[in-house]
Amino acid sequence: MVKIALVSCGTEYSGVQKEIEKAALTFGAEIVLPEIDLDYIEEACAKFGFSAQSSSLKLMIARAMSIVEGKSKADAVFIATCFRCAEGALVRNAVRKFIQDNTRIPVVTYSFTERTKADELFIRMEALATTVTRRSILAREKQEGLTLGIDSGSTTTKVVAMENNKVIGTGWTETKDIMESVFIGVDEAFEGTGYTIDDVDGIGTTGYGRINIGKQLNAELIQEELSVNAKGAVYLAGHQKGEATVLDIGGMDNKVITVNDGIPDNFTMGGICAGASGRFLDMTSRRLDVTIDQLGPLALQGNYRNALLNSYCIVFGIQDLVTTLAAGGSKADAAAAACHSVAEQVYEQQLQEIDLREPLIQVGGTSLISGLVEAVSEMLGGIDVIVPEYSQHIGAVGAALLVSGMGHRQDK
């Protein structure tokens, strides 16, 4: 069983603890608390170089030090603090960096509330367990045979057919009825290839609907999207060796994943505010009476400083854009302001929580919005942002790649 060390500000004294343990157990992992002596706490804090006011945070630092010094054994680390605590946020990030700088143990950070439930932690726990138990699969660099990848996202379903390390077909449709959307995407992906779903060697599924779809299609691989998207991103970007950061701004949640040789070692997921999501840009395009495809080029023509948004809220943000347009502002400035707002929120809420490693690979449907890619680059000081071909199909490509070698349907 995978042992995940819990380094937190005292979840074991609250109802959140059982939710964390339940989420880990769901994916074959066990939560362990690094054991330390009381005398070790002050010693550890002195070595760490930070004197927290909270005794719970001192204990958290000592547990992290215990892992780094090898006094406690763990396959992965889950770092959690309460979202209301400013000092906790500082310690959480410092502890995360300390563990990553001194070990190769995969780490995930989380800011919990008193209402955090196990299902909110499933993707994070599954991804941690995956990086420990399925490293050989994640190390796959080449696709072989004929495989199908299906990514059932919150707003769209993407399907990719691959053959001998090449994408031979793609499908893209809105997610409505889960299986109907899948079959529409499959038909699109195989159109003109001469193949059908009965010809594939293996099927991989990911995304929100992955378990349901995987069971109905007898998929050989059913995998959460963090590890799958990371793999698909570095594969398509031609950067499977070395370090990189993957940014996926989705319709409902955002993912920032750091990878080393194609294997995730840290990730954060946003999902608290819709104003930082692709949904906000979709609403903006509707209000500006342009398609989502036109929003990016339009934003590149504008200046966000001419249409500042006073709120990150999806409702009041749109209200600010309406006010700008009513006052004679241009659509281009409003589009630029919307892209800048999303990039700024992703930076403040997620990119600051990780150690950004270049190159930055931006993926997902919003990576096709050129104004957003430009805004992300500007927010990060003008760094180059890679948007690989098929970036909007990244999860499906990752699933088709990873299932390669696992499926032997044609041998049966």
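Q: What should I know about the model before starting?
A: This is a predicted model, in which local features need pLDDT of at least 70 and side-chain atom pairs count only at pLDDT 80 or more, while totals for chains, interfaces and linings use all residues. Residues are numbered from 1 along each chain as its sequence is written, and side-chain values use heavy atoms, leaving out hydrogens and water.

Q: Where is V159?
A: V159 lies in strand β6, residues 156-163 (strands are DSSP runs of E with at least two residues, helices runs of H or I with at least four, numbered from the N terminus).

Q: Is V159 buried or exposed?
A: V159 counts as buried because its relative accessibility is 0% (buried means under 20% relative accessible area, exposed over 50%, partly exposed in between, with a 1.4 Å probe and protein chains only).

Q: And what does V159 touch?
A: Leaving out residues up to four places away in sequence, its contacts include L148, I150, V182, H393 and A396 (contact means heavy atoms within 4.5 Å). V159 and V182 are 23 residues apart in sequence, and their C-alpha atoms are 7.5 Å apart.

Q: Changing topic, where does α5 bend?
A: Helix α5 bends by about 30 degrees at R124 (the angle between axes fitted to the seven residues ending there and the seven starting there).

Q: Which residues of α5 are buried?
A: Among them are A118, L121, I123, R124 and M125.

Q: Which residues of α10 meet α13?
A: F280, L281 and T284 of α10 meet A338, C339, S341 and V342 of α13.
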